[in-house]
Amino acid sequence: MTETVPTTVSPSAPSRNTAPGRAPLTHVPLSRTPLPGYDPTLPPWEGSWECVPAGPSGQTCELHVRRTPGGDGPAVVYVHGLGGSSTNWTDLAAQLAPHATGIAVDLPGFGFSQPTDGFGYGLEDHADVLARYLESLDGPVHLVGNSMGGAVAMLVAARRPEVVRTLTLISPAMPDRRPDPRRLSDPRMALAFLPVVGKSVRRALARMTPEERAMQTIRLVYADAERFPKHRITEQAEEFAARSSYAWAASAMARSTFQIFRTWFAQGNRSLWSVAPRITAPTLVVWGSEDKVISVRRAKRTAEVIPSARLLILPRTGHVAQMERPVTVARAVLGMWEYVDDGRW
């Protein structure tokens with residue numbers, strides 16, 4: 001099977017660049033190198049646990065990762081978003097496998113990665129663990145992050161440039177303070193911690209089946225939920241069911257969500273808008289035009305403030321372009337790698 005490629009892959013009006021000599025913001029090369037056939041029935045790659053070297057506190061941890069065997073050269077590391085996991089990268093990893101070994105991580109508290117005692121769940125905390133993991137790999141990597149994982153990847157790229165060869169940000173969680181309950185997989189979640197009504201709302205949410213929760217998430221992050229492969233609804237439901245048995249899962253989700261909101265209101269050097277200009281790696285920013293979670297209105301500014309970034313906006317696409325348009329995203333990512341290798345980015 002093949003994926004239908006959108007006929008329009010960039011904004012209708014190219015952005016004016018302010019930096020002398022910088023390439024036009026929306027001139028994103030799409031690689032013409034043949035890619036593997038798109039197979040929506042592909043199961044998740046096999047997972048295993050890998051040790052993260054100790055940080056300043058002397059504490060080590062293990063991350064659950066899924067490795068995709070691939071080509072020689074720098075590895076590509078994939079970082080999921082809030083409530084996601086390493087399975088979010090199955091299709092994109094398959095497309096890029098001939099060109100790079102893929103490593104999709106479960107951040108602490110997500111997927112099957114158990115957090116260490118006292119883990120803070122801030123973007124900085126996730127970035128510290130990810131950076132230490134990247135240090136253990138062989139050379140700088142191509143780093144790809146979606147949503148919360150995109151923000152985490154930005155922090156790593158800004159603070160540890162020596163471990164990042166290129167950076168791809170797919171709808172990164174840039175500050176977006178719109179008070180819109182439609183941005184939640186279930187609008188009732190906004191009421192869950194209110195006095196009086198909160199308790200009954202939490203009970204109602206707890207009664208939902210894993211299949212119902214999976215479909216809610218899919219409707220939120222896809223522009224067209226009908227594009228989601230039917231057999232993967234079962235995969236998502238099974239993962240939700242497995243995570244429900246972990247005592248730390250609900251807390252990880254709630255606390256990570258709170259920490260993202262906290263970062264959105266940060267000022268000065270702690271703001272993500274201040275972090276972005278410090279990124280030196282060649283960067284591709286990808287956004288879905290129908291992203292309900294982080295507005296596409298953040299896309300242009302995000303790409304403009306990163307010194308070596310270009311922007312690809314995909315029509316009829318939601319918050320997880322790597323899942324909804326894996327072939328197009330793969331062509332864009334590989335196009336960046338080829339341009340970087342040739343010194344043309």
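Q: Which residues of H5 meet which residues of H6?
A: Pro210, Glu211, Arg213, Ala214, Met215, Thr217 and Ile218 in H5 meet Ile233, Gln236, Ala237, Phe240 and Ala241 in H6. Contact here means heavy atoms within 4.5 Å. This is a predicted model: local features need pLDDT of at least 70, side-chain atom pairs count only at pLDDT 80 or more, and totals for chains, interfaces and linings use all residues. Residues are numbered from 1 along each chain as its sequence is written, and side-chain values use heavy atoms, with hydrogens and water left out.

Q: How are two packed helices described?
A: By the angle between their axes and the distance between the axes. H5 (residues 210–221) and H6 (residues 230–243) have axes that come within 8 Å and cross at roughly 115 degrees. Axes are lines fitted to C-alpha atoms, for helices over the stretch in contact, and angles run from 0 to 180 degrees between N-to-C directions. For H2 (residues 123–135) and H3 (residues 148–159), the axes come within 9 Å and cross at roughly 60 degrees.

Q: Why is the crossing of H2 and H3 called right-handed?
A: A crossing is right-handed if the near helix is turned clockwise from the far one by less than a right angle, and left-handed if anticlockwise. H2 passes H3 in a right-handed crossing. The contact of H2 with H3 has 10 nonpolar, 1 polar and 2 charged residues.

Q: How many aromatic pairs does a search of the whole structure find?
A: The search finds 6.

Q: Why is the pair of Tyr78 and Trp89 called stacked?
A: Rings of Phe, Tyr and Trp (its six-membered ring) pair if their centres lie within 6.5 Å; planes under 30 degrees apart count as stacked, over 60 as edge-to-face and the rest as tilted. The centres of Tyr78 and Trp89 are 5.2 Å apart and their planes are at 25 degrees, so the pair is stacked.

Q: What makes this pair a tie between parts of the chain?
A: Tyr78 lies in strand S3 (residues 76–79) and Trp89 in the loop between S3 and helix H1 (90–96), so the pair ties together parts that are 11 residues apart in sequence. Strands (E, at least two residues) and helices (H or I, at least four) are DSSP runs, numbered from the N terminus.

Q: Is Tyr78 buried or exposed?
A: Buried means under 20% relative accessible area, exposed over 50%, and partly exposed in between (1.4 Å probe, protein chains only). Tyr78 has 0%, so Tyr78 is buried. Trp89 has 1%, so Trp89 counts as buried too.

Q: What makes Tyr246 and Trp248 a stacked pair?
A: Their rings are 4.8 Å centre to centre, with 10 degrees between the planes. Tyr246 has 28% relative accessibility, so Tyr246 counts as partly exposed. Trp248 has 14%, so Trp248 counts as buried.

Q: How do you know that Arg301 lies over the face of Trp273?
A: A charge sits over a ring if NZ of Lys or CZ of Arg is within 6 Å of the ring centre and within 35 degrees of the ring normal. Arg301 lies over the face of Trp273, at 3.8 Å from the ring centre. The charged end of Arg344 sits over the ring of Tyr339, 4.0 Å from its centre.

Note on methods. Ala, Val, Leu, Ile, Met, Phe, Trp, Tyr, Cys and Pro count as nonpolar, Asp, Glu, Lys and Arg as charged, and the others, Gly among them, as polar.
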